[in-house]
Amino acid sequence: GHSFEHALESLRAGEPILVHDAADREGETDLIYHADTVSPAAVARLRNDAGGLVCVALGHDVAEAFDLPFYSDAIDHPATADHELGYDDRSSFSLTVNHRDTYTGITDADRSTTIQALGEAAAAPGAIDFTAEFRVPGHVHLLKAAPDLLAQREGHTELGLALAGAADLSPAVVVCEMLDDQTGEALTPADARAYADRHGFPYLEGSDVLDRCQ
Ligand code: 5RP
Ligand code: ZN
Ligand code: CA
Ligand code: ZN
């Protein structure tokens, strides 16, 4: 419908979109931008209006091209061995990064620099020397998509990247959970939709994305 087309236009134009995964999964709504278009003001919106963890989701092949593992596979600590999640088979967490042109890495300007550079890198992974451009660890959490995207996993990682693909954009999106400042819980779908309406941002259900992108 209209929201789906609006979402693709928004991603191309540097506007955020909201995506609720599913009531029987996390039951969370993430605020999402395409990585290329992020600005310091967008990072400020992510931390002030969303308030969760700011992460960049990369397509599986891009992550592989940069030698980026799943965190749980890379870290040799016993607590990574049995990574039981209540809502999915595996976490999509990979490493954390900062662009080498950042100082502390956490400011809006620094995170914007890192996120934008990840967007550019994802557009041409063969042309990038990842280690020359980024340092690990850093202040932006990377997420690595499932190889077959929505066919294998229906997280915000895969939902956001499927939308980027539908918009003909590179496989790199920044996502952050919307939290309720009063309760500390995930923002309810009704409240997330009200926020979207207030700002004129599109709101999508994961099922809408599955219907249109699979
Ligand atoms: C990282 C998360 C978020 O839920 C994010 O949406 C990515 O995870 P998933 O793909 O499992 O939804 O936990 O902050
Ligand atoms: Zn999560
Ligand atoms: Ca807030
Ligand atoms: Zn999520």
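Before anything else, a word on terms: when I say helix or strand today, I mean a DSSP run, with at least four residues of H or I for a helix and at least two of E for a strand, numbered from the N terminus. With that in hand, here is a first stop: Asp-67 sits in the loop between helix 3, residues 60-65, and helix 4, residues 71-74. Please keep in mind throughout that this is a predicted model.

Why stop at Asp-67? Its phi is positive, at about 60 degrees, although the residue is not a glycine. And is Asp-67 buried or exposed? It counts as exposed, because there are 10 C-beta neighbours inside 10 Å, and the cut-off for exposed is 12 or fewer.

There is a second residue of this kind. Leu-149 is not a glycine either, and its phi is positive at about 45 degrees. You will find Leu-149 in the loop between strand 5 and helix 7. Leu-149, however, is buried, since 20 other C-beta atoms lie within 10 Å, and 20 or more is what buried asks for.

Let me step back to the whole chain. We have nine helices and seven strands. The C-alpha trace spans about 40 × 35 × 35 Å along its principal axes.

Now to the strands, and let's begin with strand 2, residues 29-34. Six of its six residues are buried. In a regular strand, side chains alternate between the two faces of the sheet. For strand 2, both faces are covered: on one side we have Thr-29, Leu-31 and Tyr-33, on the other Asp-30, Ile-32 and His-34, and all of these are buried.

Who are the partners of strand 2? Strand 1, residues 17-20, pairs with strand 2 in the antiparallel sense over four bridges, and there Val-19 stands opposite Asp-30. Strand 6 is joined to strand 2 by five bridges, also antiparallel. On that side, Asp-30 has Glu-177 of strand 6 as its bridge partner.

Strand 5, residues 134-144, is the next one to look at. It pairs with strand 3 in the parallel sense, over four bridges. Strand 4, residues 93-99, runs antiparallel to strand 5, and five bridges join them; Val-97, for instance, has Val-140 as its bridge partner. Strand 5 also holds Pro-137, and the peptide bond between Val-136 and Pro-137 is cis, with omega about 5 degrees.

From strand 3, residues 55-58, I'd like to pick out Leu-58. Its bridge partner in strand 5 is Lys-144. Leu-58 counts as buried because it has 30 C-beta neighbours inside 10 Å. Beyond its neighbours within four places in sequence, Leu-58 is in contact with residues including Leu-68, Leu-118, Ala-122, Leu-142 and Ala-172. And how far from Leu-58 is Gly-165? They are 107 residues apart in sequence, and 12 Å apart in space, C-alpha to C-alpha.

Last stop, the ligand. There are 15 residues around ligand 1, and those that come nearest are Leu-53, Ser-92, Gly-155, His-156 and Thr-157. Which elements each supply at least two residues of that shell? Helix 7, residues 156-166, and strand 6, residues 172-177. By class, the shell is made of four nonpolar, five polar and six charged residues.

That's my tour, and I'm happy to take questions.

Conventions:
Residues numbered from 1 in each chain as written. Chains lettered and ligands numbered in written order. Predicted model: local features only at pLDDT ≥ 70, side-chain atom pairs only at ≥ 80, totals over all residues. Near = placed C-beta within 6 Å. Nonpolar A, V, L, I, M, F, W, Y, C, P; charged D, E, K, R; others polar. Contact = placed C-beta atoms within 7 Å. Pairing = 2+ DSSP bridges.
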